[in-house]
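Dear colleague,

Please find below the structure that I am handing over to you, followed by an account of what was found in it.

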Amino acid sequence: MDYLEITQISSRHNLTYTESTREWFLGNERSVKEWRRLASLRFYQDPNLLPTSTLPVIQIENYKGYGAWFDEHYTLPEGRLLDLFSIVLYDFVSPRLKALLEEAAVEAYFTEVAVTIKGEPYPEPYYLLCPRDMLPVFDEENSLFTTDTDTSGKLKIKSVEHYVLLNNEIPENQKLFYMYINGKSSPLMLRSNIVEKMKNSGMTGIKYTPVDEMRSI
């Protein structure tokens with residue numbers, strides 16, 4: 001089964017956030033990392049395990065996008081926010097995308113978070129997407145990449161011009177996972193049959209990149 005990288009479309013949409021939201025997700029705040037870590041532990045240990053802090057309201061100051069402008073009261077579907085948007089490395093999904101992913105039984109946990117736009121509550125919650133698995137399936141022998149050393153002198157991957165997956169190392173029924181790459185951010189990979197369902201359902205804000213077209217400079 002093929003996999004595609006899932007990212008937010010950034011070239012056609014622009015979201016700006018309040019200072020407090022930027023500080024929480026972009027600064028030194030570690031609570032969101034704790035949320036993701038504990039979300040993964042739920043799969044292996046205690047499903048009732050909860051972090052000690054709560055996710056803050058995501059405060060969006062402005063949003064522009066083709067075919068998805070908000071009207072005065074942000075009504076749906078005329079003023080629908082993207083089905084997927086990202087703050088740094090954290091992905092948030094709409095209720096309808098969450099439902100589709102849950103129906104497909106992807107390996108992920110979803111944490112609810114409220115959203116405001118220019119101070120007005122958005123009429124639906126969003127969900128922090130917490131994939132369960134990070135798989136070491138990057139084929140270093142056949143991929144094309146450059147390397148560099150970190151501050152400790154260890155060799156790290158710097159840029160990737162051509163990705164190859166170790167398909168035989170991916171569990172047969174795996175649907176969603178992060179691809180571990182030494183020294184690089186981990187691409188989020190989704191099974192192609194679920195990608196087709198998302199496309200057919202008209203999910204917005206998502207870029208689907210086949211493995212042979214992936215680049216990381």
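**Salt bridges**

The structure holds four salt bridges, a salt bridge being a side-chain nitrogen of Lys or Arg within 4 Å of a carboxyl oxygen of Asp or Glu. Side chains of opposite charge can pair when their charged atoms come close. Before the individual pairs, two notes on the source are in order. This is a predicted model, in which local features need pLDDT of at least 70 and side-chain atom pairs count only at pLDDT 80 or more, while totals for chains, interfaces and linings use all residues. Residues are numbered from 1 along each chain as its sequence is written, and side-chain values use heavy atoms, with hydrogens and water left out.

One of the salt bridges joins the side chains of arginine 96 and aspartate 83, at 2.7 Å from N to O. Arginine 96 lies in helix H3 and aspartate 83 in the loop between strand S3 (58-65) and strand S4 (84-87), so the pair ties together parts that are 13 residues apart in sequence. Helices (H or I, at least four residues) and strands (E, at least two) are DSSP runs, numbered from the N terminus. Aspartate 83 is buried, at 0% relative accessible area, whereas arginine 96 is partly exposed, at 30%. In these terms, buried means under 20% relative accessible area, exposed over 50%, and partly exposed in between (1.4 Å probe, protein chains only).

Another salt bridge pairs glutamate 102 with lysine 98, with 3.2 Å between the closest N and O atoms. These two residues are four residues apart in helix H3, so about one helical turn separates them. Glutamate 102 is partly exposed at 43% relative accessibility, and lysine 98 is buried at 16%. Apart from neighbours within four places in sequence, lysine 98 is in contact with Val93, Phe110 and Tyr127, where contact means heavy atoms within 4.5 Å.

A further salt bridge links arginine 132 and aspartate 133, whose closest N and O atoms are 2.9 Å apart. Arginine 132 is partly exposed, with a relative accessible area of 28%; aspartate 133 is buried, with 9%.

**The chain as a whole**

The protein chain contains four helices and 15 strands. Of its 217 residues, 46% are buried. Among contacts with a separation of 6 or more, 68% are between residues 24 or more positions apart.

**Helices H3 and H4**

Two packed helices are described by the angle between their axes and the distance between the axes. For helix H3 (residues 95-103) and helix H4 (residues 192-200), the axes come within 11 Å and cross at roughly 145 degrees. Axes here are lines fitted to C-alpha atoms, for helices over the stretch in contact, and angles run from 0 to 180 degrees between N-to-C directions. From H3, Leu97, Leu100 and Leu101 meet Ile194, Lys197 and Met198 of H4. The residues of this contact comprise five nonpolar, no polar and one charged; Ala, Val, Leu, Ile, Met, Phe, Trp, Tyr, Cys and Pro count as nonpolar, Asp, Glu, Lys and Arg as charged, and the others, Gly among them, as polar.

Alanine 105 is partly exposed at 45% relative accessibility, while glutamate 107 is buried at 9%.

The side chain of glutamate 107 reaches the backbone nitrogen of lysine 175 at 3.1 Å. The C-alpha atoms of glutamate 107 and aspartate 133 are separated by 7.2 Å, the two residues being 26 residues apart along the chain.

**Serine 159**

Serine 159 is found in strand S12 (residues 155-162) and is buried, with a relative accessible area of 10%. Its side chain makes a polar contact with the side chain of threonine 146 at 2.6 Å. A polar contact is a pair of N or O atoms within 3.5 Å; within protein, one must be able to donate a hydrogen and the other to accept it, and residues adjacent in sequence count only if both atoms are side-chain atoms. Leaving out residues up to four places away in sequence, serine 159 touches Phe145, Thr146, Lys184, Ser216 and Ile217.

Yours sincerely
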